[in-house]
Amino acid sequence: MASRSLSRLALAASGVLLTSLLGGTATAQTADTPVFWRVPATAAQAQALTEAGFDVEEGDDAGSVNVVGGRAVAAKLRGLGYRPSFFDTVYKELPAETNRLAADTYYGGYRTVTAHENHLTQVASAHPDLATKYTIGQSWKKTKGQGGHDVQAICLTKKQAGDCTLSTTSTKPKFFLMAQIHARELSTGELAWRWIDYLADGYATDATAKSILDTTEVWVVPIANPDGVDIVASGGNSPKLQRKNANNSRGCSGTNIGVDLNRNSTFKWGGDSNSACSETYQGVSAGSEPEVQALEKLARAIFPDQRGTGDNDPAPSTAKGTMITLHSYGNDIIIPWGFTQATSPNDAQYRRLGAKYAASNGYLVGTNEETVGYDTTGTTDDFTYGELGVASVTFEVGGSSGTCGGFLPRYTCVDSTFWPKNKGALITAAKAAAAPYQQ
């Protein structure tokens, strides 16, 4: 194991080809190819690095963070007095058959936005008794007449009168799954794809899928940030590390453009970065971005308001609805709150529900402080819980290193690891939608 890590370090540092460590296909990279640098840092230092424009991510041990960048970034860190050391590659080796994949895939098999859009259309057409496709809004580029996409959702249930309508009073409880709001977190959209297929294709043969769709509405937004995913996919076998949306109105360039859509929600907005080129830039105002407006409009349309306005007002035990927003990486189940280190008024119920999810995927259950180690304001799950009382959590899918780690895991990891681990957790969330705080 040590010799493999040293080999990776030598390759990354010398700027030569990242040749295969696993018998796959080598991918040509430049001398300044981004890697993960481990940087010893306190929470305050990590925040300062973020504000300074560094791409700071969760570390694998207490007292350190991972900073994404090439050798120039490492040199800049050293100039500021930090001690970066190579941790892992960002880009993973591709399988030998990569060049024979379909035109609507990239980086070993990940699907483009267009492929996801076509998938939703196909599912709704093949299963009219189960699936309804919705356009819930538009991406930033589309609102500006620069191309872009609709933001799309699908509702899955065995349809009866009033089902899968934009109604807060429909009979069935609802589970809302959202993916790829951070564009470069590739595995998340693929998990949403598999979840949709499991339910729609499995209804006729799988007793669990049938039970879920007979009793529950399942809403899925597989690509919450389509413009950002377009940018990622434009890199082909070297995906661009775009996290934010494509809002380029603030003078940034490259993958620094955009607003972090998971810092732009209207609940407790305003405590994150005001630096436009930062990876956690929160935008000019709460809910300024059309993608966030679309997600919040959908949530308000399908979930009633079940919680008081005070931070310490709990959702009642009778509240319905579950929500999971998929992110990567960390192998975490993050429960509210994100905006403060104080626990939520439903903390005990969240930990019980989280433990049921973790029984399938083995992830660590905890608040931001207990998992990623930093606060987040203006997040989607804080919004759906804080505004509406929906039992909402974040899944951080995958580890921090290795072939199945980081933002850009090898595509084969979706079926070998991520889907088997998380299928049961998603089933649990759907089954819990009728009474999530009574689990």
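I will take the pockets, then the salt bridges.

This is a predicted model, in which local features need pLDDT of at least 70 and side-chain atom pairs count only at pLDDT 80 or more, while totals for chains, interfaces and linings use all residues. Residues are numbered from 1 along each chain as its sequence is written, and side-chain values use heavy atoms, with hydrogens and water left out.

Pockets. On a 1 Å grid over the protein atoms alone, a pocket is an open set of points where a 1.4 Å probe fits, with protein on both sides within 12 Å along at least five of seven lines; lining residues have an atom within 4 Å of a point. Points are joined across faces, edges and corners, and a volume is the space filled by probe spheres set on them.

The largest pocket has a volume of about 620 Å³. Its lining has 30 residues, with A46, V65, V372, G373 and Y374 nearest the centre. The elements giving two or more residues to that lining are α2 (43-51), β2 (55-58) and β3 (64-69). Helices (H or I, at least four residues) and strands (E, at least two) are DSSP runs, numbered from the N terminus. The most comes from α2, with four residues.

The second largest pocket holds about 370 Å³. It is lined by 18 residues, and D55, V68, T255, N256 and E279 are the closest to its centre. Here β3 and α3 (71-79) are the elements that give two or more residues.

Now the salt bridges, each a side-chain nitrogen of Lys or Arg within 4 Å of a carboxyl oxygen of Asp or Glu. The whole structure has 17 of them.

Where do the side chains of D272 and R263 stand, buried or exposed? Buried means under 20% relative accessible area, exposed over 50%, and partly exposed in between (1.4 Å probe, protein chains only). D272 is buried at 11%, and R263 is buried at 4%. Their salt bridge is 3.0 Å, N to O.

D311 and K268 also meet in a salt bridge, at 2.9 Å, N to O. D311 is in the loop between α9 (290-302) and β11 (322-327) and K268 in the loop between α8 (226-233) and α9, so the pair ties together parts 43 residues apart in sequence. D311 is partly exposed at 29%, as is K268 at 31%.

Last, salt bridges with shared partners join R111, E190, R194 and D415 into one network.
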